[in-house]
Structures are given as C-alpha cells and as structure tokens.
Amino acid sequence: MSESNPTPLHPSIVALVSLAANIAANHPKQGLCQVDKLKEYGVAKEQIDTVIEIARHIRDEAAQALDATFDEAYAQGSQPARPRIKADPFANIAVVEGGACCTPTKSGQSCC
C-alpha cells in the first residue's frame, strides 16, 4: 500500500460512518439513505442499530455539554468563551482528564 494511493474503505464502512455523522449532526435527512444502502450491502440490523445508538448518544452528550455551558454563562450573566479553532482538526478532539473520554451508551456500547 503506497501513501499516495491508500486502500479505499469498503462502501459499507463509508455508509456506517456517514449514517453516524448524519445522526450526530442532526442532519435533516437523518441518514435514511445510508440505512437503505446498508441493507443493500447486507449489514445486519443489529450492527446498524448499534451505530444509531452510539451516534445518538454522542449527539445527546454534546447537547448536554452545550446546555451546561450555556446555563453556567447565563447564570453568571455572561457569554461563554468561543473556542479557538486550530489549523489541525485533530488538535481539537476533547480529552477529559481524570476519566474516560466518553461514557457508554445505555446498552453499554463504547463510543470511543
């Protein structure tokens, strides 16, 4: 495998990632097109359900964190500080010190 020509991802993996991103981002189309593609590729319903659960969990955690930041700023009568975006998008991945980077979903699925 050369660096300039990486092995492409299987279409089912692309569809799973796209489904998760659509759900986590609250996209209006909700990833329903990807669900149809995944069914065509023969991906098990249980695997699709797991991806949906993890994506919703991450979306809900993000919403709760934003709500908490808003509520704190509102209580103090100020606006929350805007995050500075660095050139490297991977430099902005949140890391929680002293614990796991995420919590498991209700069924115990890891989102990390």
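Just after helix 2, glycine 42 takes a positive phi of about 85°. In this predicted model, two further positive phi values belong to residues that are not glycine, asparagine 26 and glutamine 30. Most residues other than glycine have a negative phi. Asparagine 26 has a phi of about 55° and lies in the loop between helix 1 and helix 2, where its relative accessible area of 52% places it among exposed residues, the cut-off being over 50%. Glutamine 30, whose phi is near 60°, is found in the loop between helix 1 and helix 2 as well, but with a relative accessible area of 48% glutamine 30 counts as partly exposed.

Buried residues make up 18% of the 112 residues in the chain. Among contacts between residues at least 6 apart in sequence, 58% join residues at least 24 apart.

Helix 2 itself spans residues 32-40, and its buried residues are Gln34, Val35 and Leu38. Because these three cover an arc of only 105° around the axis, they fall on the same side of helix 2. On the other side of helix 2, Leu32, Lys39 and Glu40 are exposed. The buried residues of helix 2 pack against two partners, helix 1 (11-24) and helix 3 (45-76).

Which residues does glutamine 34 touch, once those up to four places away in sequence are not counted? Glutamine 34, a residue of helix 2, touches Ala15, Ser18, Leu19 and Asn22. At 14% relative accessibility, glutamine 34 lies under the 20% cut-off and therefore counts as buried.

Two packed helices are described by the angle between their axes and the distance between the axes. For helix 1 and helix 2, the angle is about 155° and the axes are 9 Å apart. Since angles over 145 degrees count as roughly antiparallel, helix 1 and helix 2 are roughly antiparallel to each other. Helix 1 passes helix 2 in a left-handed crossing, and the contact is made by Ser12, Ala15, Leu16, Ser18, Leu19 and Asn22 on the side of helix 1, with Gln34, Val35 and Leu38 contributed by helix 2. By residue class, the contact of helix 1 with helix 2 divides into 5 nonpolar and 4 polar residues, with no charged ones.

The packing of helix 1 with helix 3 can be read in the same terms. Here the angle is about 35° and the axes lie 8 Å apart, while the crossing of helix 1 and helix 3 is right-handed. Leu16, Leu19, Ala20, Ile23 and Ala24 of helix 1 make this contact with Ile48, Val51, Ile52, Ala55, Arg56 and Arg59 of helix 3. The residues of the contact of helix 1 with helix 3 divide into 9 nonpolar, no polar and 2 charged.

Notes
Residues are numbered from 1 along each chain as its sequence is written. This is a predicted model: local features need pLDDT of at least 70, side-chain atom pairs count only at pLDDT 80 or more; totals for chains, interfaces and linings use all residues. Side-chain values use heavy atoms; hydrogens and water are left out. Buried means under 20% relative accessible area, exposed over 50%, partly exposed in between (1.4 Å probe, protein chains only). Helices (H or I, at least four residues) and strands (E, at least two) are DSSP runs, numbered from the N terminus. The arc is that of the directions from the helix axis to the C-beta atoms. Contact means heavy atoms within 4.5 Å. Axes are lines fitted to C-alpha atoms, for helices over the stretch in contact, and angles run from 0 to 180 degrees between N-to-C directions. Angles under 35 degrees count as roughly parallel, over 145 as roughly antiparallel, 65 to 115 as roughly perpendicular and the rest as oblique. A crossing is left-handed if the near helix is turned anticlockwise from the far one by less than a right angle, and right-handed if clockwise. Ala, Val, Leu, Ile, Met, Phe, Trp, Tyr, Cys and Pro count as nonpolar, Asp, Glu, Lys and Arg as charged, and the others, Gly among them, as polar.
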